[in-house]
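Keep the 3D view at hand as you read.

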Amino acid sequence: MDYSAKLDTAIERLHEEGRYRTFIDIERKNGQFPHAVWTRPDGSTQDITVWCGNDYLGMGQNPVVLDAMHEAIDATGAGSGGTRNISGTTVYHKRLEAELADLHGKEAALLFTSAYIANDATLSTLPKLFPGLIIYSDALNHASMIEGVRRNGGAKRVFRHNDVAHLRELLEADDPAAPKLIAFESVYSMDGDFGPIKEICDLADEFGALTYIDEVHAVGLYGPRGGGVTERDNLAHRIDIINGTLAKAYGVMGGYIAASPKMCDAIRSYAPGFIFTTSLSPAVAAGAAASVAYLKDHPELREKHQELAKVLKLRLKGLGLPIIDHGSHIVPVMVGDPVHTKKLSDMLLSEFGLYVQPINYPTVPRGTERLRFTPSPVHGPTEIDHLVKAMDSLWAHCALNRAELAG
């Protein structure tokens, strides 16, 4: 076997399909985000504006967060020193878990190194706790949820995206006595649509199923204190397990679940993805705890975030661009072809200093390739004007005509 040739073939296939991904080497500027510096392949640098970051509220540069992290580093050093079971649980981890439990109105929370790991580890562990468990998973659930369901070895049913009637059909077809869990999201990050949370909770009550929701793109951003869409809609008490991230609205890193003390204890005790992983550094936990606490008391950031997302959508719609708008903060501009999407992304960066990463298969289905913009409270009128003018120029005048770009 020529292993090197096989690698060449696999990578070349991505190039041919127009979906080979490249890293953009940027250096964020503390206090100046969304402005950053891009290091070009030739080593030269260019000032750019980041339009695809997940630091939705700019909390990654908030002085409250940075001060908490500096204090923790000075007090404890860099790393945690071990897994949570072996020397890696500190007062910072416990403080963060308490903040998260309070955020969601739950009695407990459990930290993971990322929301991906939290989803994967939890969903793959649940069948160990509930033998015979059937998991009903939305067709557009995040890859981490799909992987967790796939790996758990139990039964699974995939219902059409946000199709409550189809979910009902699947529930009715299974043994009423079998343990069940419905896994879905509150905000689906590619199209920006919302899950039918109340309707799913109603079905869960009717069929005796547990509920598991991914609030990754909603925590910090929705609800009076940032508890997500479930808090906004007063439904958090009807959800058994809430998954969230600390790497988006909260501007740091890490993931978690919030649930009952028994549920968190069982996952803590049985999930390999928790047991065998070094815990977050105390500084990260301290910064995340400070960010969660801060956003509980600063709804004005959420309000400004939503306002800017609406403004950007209106401006881009005014150009006649194909925008998907479900009323969330996600701003997808549909292109429909991986090569064209990559060319648009490259030209925005090199010609206008605007960085937005192309979104291609397998993140989205083939034929739905897009640019996804993520405005934040630190993107002001000047930044929006520059982006809108650049999109107008490229969409109308670049070598690819408008009809070709639209797919």
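## Before we start

A residue is called buried when its relative accessible area is under 20%, and exposed when that value is over 50%. By that cut-off, W51 and F373 are both buried. Please keep in mind that this is a predicted model.

## Aromatic pairs

How many aromatic pairs does the structure hold? There are three aromatic pairs. One of them joins W51 and F373, whose ring centres are 6.5 Å apart with 80° between the planes, an edge-to-face arrangement. W51 sits in the loop between β3 (45-50) and α2 (63-76), while F373 belongs to strand β14 (residues 370-373), so this pair ties together parts that are 322 residues apart in sequence.

Another pair is made by F112 and F274. Their ring centres are 5.6 Å apart and their planes meet at 75°, so this pair is edge-to-face. F112 is in strand β4 and F274 is in helix α10, so parts 162 residues apart in sequence are tied together here. F112 and F274 are both buried, and the two residues turn up again in the lining of the largest cavity.

## Charges over rings

Two arginines are worth a look next. The charged end of R366 sits over the ring of Y361, at 4.0 Å from the ring centre. In R232, the charged end is placed over the ring of F194, 5.0 Å from its centre.

The largest pocket holds about 1,400 Å³ of space. Its lining is made of 50 residues, and those closest to the pocket centre are H142, S189, M190, T363 and R372. At least two lining residues come from each of β1 (26-28), α4 (115-129), α5 (143-151), β13 (358-359) and β14. Sorted by class, the lining of the largest pocket has 25 nonpolar, 14 polar and eleven charged residues.

The second largest pocket has a volume of about 220 Å³. The lining of the second largest pocket splits into eight nonpolar, two polar and six charged residues.

The largest cavity has a volume of about 80 Å³. Its lining consists of R84, L111, F112, T113, G273, F274, T277, T278, S279 and L280. The elements giving two or more residues to this lining are β4 (108-112) and α10 (272-275). By class, the lining of the largest cavity has four nonpolar residues, five polar and one charged.

The second largest cavity contains about 50 Å³ of space. Around this cavity you will find T22, I24, K342, S345, D346, L349, Y355, Q357 and P358. Helix α13 (residues 338-352) provides the largest share of that lining, with four residues. The lining of the second largest cavity comprises four nonpolar, three polar and two charged residues.

## Cysteines

How many disulfides does the structure hold? The count is zero. C201 is in no disulfide, and the nearest cysteine sulfur, that of C264, is 18 Å away. A disulfide would need the two sulfur atoms within 2.5 Å.

Is C201 buried or exposed? C201 has a relative accessible area of 1%, so this cysteine is buried. C52 has a relative accessible area of 17%, and that makes C52 buried as well.

## A serine in helix α4

Our last stop is S124, which is found in helix α4, one of the elements that supply at least two residues to the lining of the largest pocket. With a relative accessible area of 9%, S124 is buried. For a sense of distance across the model, S124 and F33 are 37 Å apart in space, C-alpha to C-alpha, and 91 residues apart in sequence.

Notes:
Residues numbered from 1 in each chain as written. Predicted model: local features only at pLDDT ≥ 70, side-chain atom pairs only at ≥ 80, totals over all residues. Heavy atoms only, no water. 1 Å grid on protein atoms, 1.4 Å probe; cavity = no way out; pocket = protein on both sides within 12 Å on 5 of 7 lines; lining within 4 Å. Points joined across faces, edges and corners; volume = space filled by probe spheres on them. Nonpolar A, V, L, I, M, F, W, Y, C, P; charged D, E, K, R; others polar. Buried < 20%, exposed > 50% of the residue type's maximum accessible area, 1.4 Å probe, protein only. Phe/Tyr/Trp six-rings, centres within 6.5 Å; stacked < 30°, edge-to-face > 60°. Lys NZ or Arg CZ within 6 Å of the ring centre and 35° of its normal.
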